[in-house]
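Here is a short report for a reader meeting this structure for the first time. Please look at the sequence and the 3D view before reading on.

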Amino acid sequence: MATEESRKAELEAGFSVSDEEMKKWMSRAFEMAREALQSGEVPVGCLLVHGQEVVGKGRNEVNETKNATRHAEMVALDQLLDWCRRGNLDVRGVCERTVLYVTVEPCVMCAAALRLMNVPLVVFGCSNERFGGCGSVLDLSSAELPDTGTTFRCVPGHRADEAVEMLKTFYKQENPNGE
Amino acid sequence: MEPETKRWKGSKCDDDSWVAFPVLSDEQSADVELVEAFAAPIVNRKATSRLVRELNGVYPLTGLQHVKRVRACRAEDSPHPLEVLLCLLSDVPNPADASIPSLLPAGSWEGLGEPFVVKVPARPPLTRPQFELASRRWPTTFHEDKQVTVALRGELFGPQQRALMHTFMASAVAAARAAAQLGMEAVGAAVVDPETQRVVTVGHDRRGEHPLQHAVMVCIDLVARSQGGGCYRHDRYAACRFAPTDPQPEGGAVPYICSGYDLYVTREPCVMCAMALVHSRIGRVFYGAAAADGALGTRFKIHTQKDLNHRFQVYRGVLKRQCEDLSSRGRKTPEPPLLG
């Protein structure tokens, strides 16, 4: 039986994403963020990509659900779970070969959720100074937490300025709940 | 010693043996940090106020306002009654030479005896235990937060309050047992409105169905349900329930997510759940058993994190034994010391 270590090494060796792919999916995430901004929502775009398939995408749903945990990443992870259920696929097996592309650094909660789901790679735009869980407030991507899933690799800073600009534009508009 | 049989039955006295201790910030629970300073005996008592004034001019001891400049001598047989702080070791270029001419500029320093090195508290004490430790080193001022002092003694909650807390945690324990019967992790939680002492929701772990549906996440969604929102179905689980929000009186505030509410949870929340509670603006959290990766005291203290926009009080140990029994198959974490 493969140990946790060798399983991880094997996954890392066999699992990589080219720069071209990163660019392509991040530009999709930015389109989503722009659409959100135009409809007056938090401009964060996020995609979960497995192979060449988008298995989850989300936008912030905090206000309509009155549930402050409904960040874009959490919504996208729920879609991934539904996708696995429909295809009768093993969730862990799918997640271990899935990449999250998101325009803003995931918050502490979402970063922990990504660990719990065993997502190995997160590509993001700008950092999230207020809540960021991939180095800004805490670093959950590398923290030693044996009961909280697996660590993940981050590729930060993709079109960061653009992502910041969108957030600034949004926060200049009125936002009653300060999320 | 109680008879064996009585304890086996779990007497009422045994049930009530828990203590709720506050989980304070690292600054509040840290050991007393010390810094080395030079002090000298005051051999001529009449010169005290002049010496203090002049020393304050030369070495104002910036950042050490909590440290008293002069202390009475502790040894009863001491030839001099008072000792005064001169400066920090870091204030002088050559700390190896502890003579008055080396430490102080030319002036009238008669009245001072031979300097010696002492350790003084580097920071103002934040809690009574820190104050007591600090004062053993050198007299220190202390702006006491009485509530913290009482809480650290485990005496913040009176008998009536404890009885209510007991009931709330007992419903979380019952939910945890229901979860275990369904093959989920034995973790349960209850959200309470402390204003009315009303249970808003009870929920339990459901990660067999969804890896992120920890008891706290379930409860947060149940609270959203009670306010007309929510995004998951809960009706398949008899032990996950909520009371719909009462119609608000004219002009009354509609509850906003979890603000002002208390959470009772059998096991210390993980970092995802702890941060979810920050986002949800929870009022206070009470947990029973600590967890190895727990984020409200054991591995992180998310509730005291300075950069975050919401902080809250956390108490551990409510119905500790019952809560620890729930996860007794898992690892038990050592009791965190009060001061560390």
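This is a predicted model: local features need pLDDT of at least 70, side-chain atom pairs count only at pLDDT 80 or more; totals for chains, interfaces and linings use all residues.

## Cysteines without disulfides

How many disulfides does the structure hold? Counted over all chains, the number is zero. A disulfide needs two cysteine sulfur atoms within 2.5 Å.

Take Cys270(B). The cysteine sulfur closest to that of Cys270(B) belongs to Cys273(B), and at 3.9 Å it is too far for a bond. Cys270(B) is also buried, with a relative accessible area of 14%.

Cys323(B) is another case. Is Cys323(B) buried or exposed? Cys323(B) is buried, and its relative accessible area is 1%.

## Cavities

Two cavities of 30 Å³ or more are found in the structure. The largest cavity holds about 70 Å³ of space.

Which residues line the largest cavity? Chain A supplies Asn67(A), Thr69(A), Arg70(A), Met74(A) and Asp78(A). Chain B supplies His210(B), Leu212(B), Gln213(B), Met217(B) and Tyr232(B). By type, the lining of the largest cavity has four nonpolar, four polar and two charged residues. Arg70(A) and Asp78(A) are the charged pair.

Note on methods: Residues are numbered from 1 along each chain as its sequence is written. Chains are lettered from A and ligands numbered from 1 in the order in which they are written. Side-chain values use heavy atoms; hydrogens and water are left out. Buried means under 20% relative accessible area, exposed over 50%, partly exposed in between (1.4 Å probe, protein chains only). On a 1 Å grid over the protein atoms alone, a cavity is a set of points where a 1.4 Å probe fits but cannot get out, and a pocket is an open set with protein on both sides within 12 Å along at least five of seven lines; lining residues have an atom within 4 Å of a point. Grid points are joined across faces, edges and corners, and a volume is the space filled by probe spheres set on the points.
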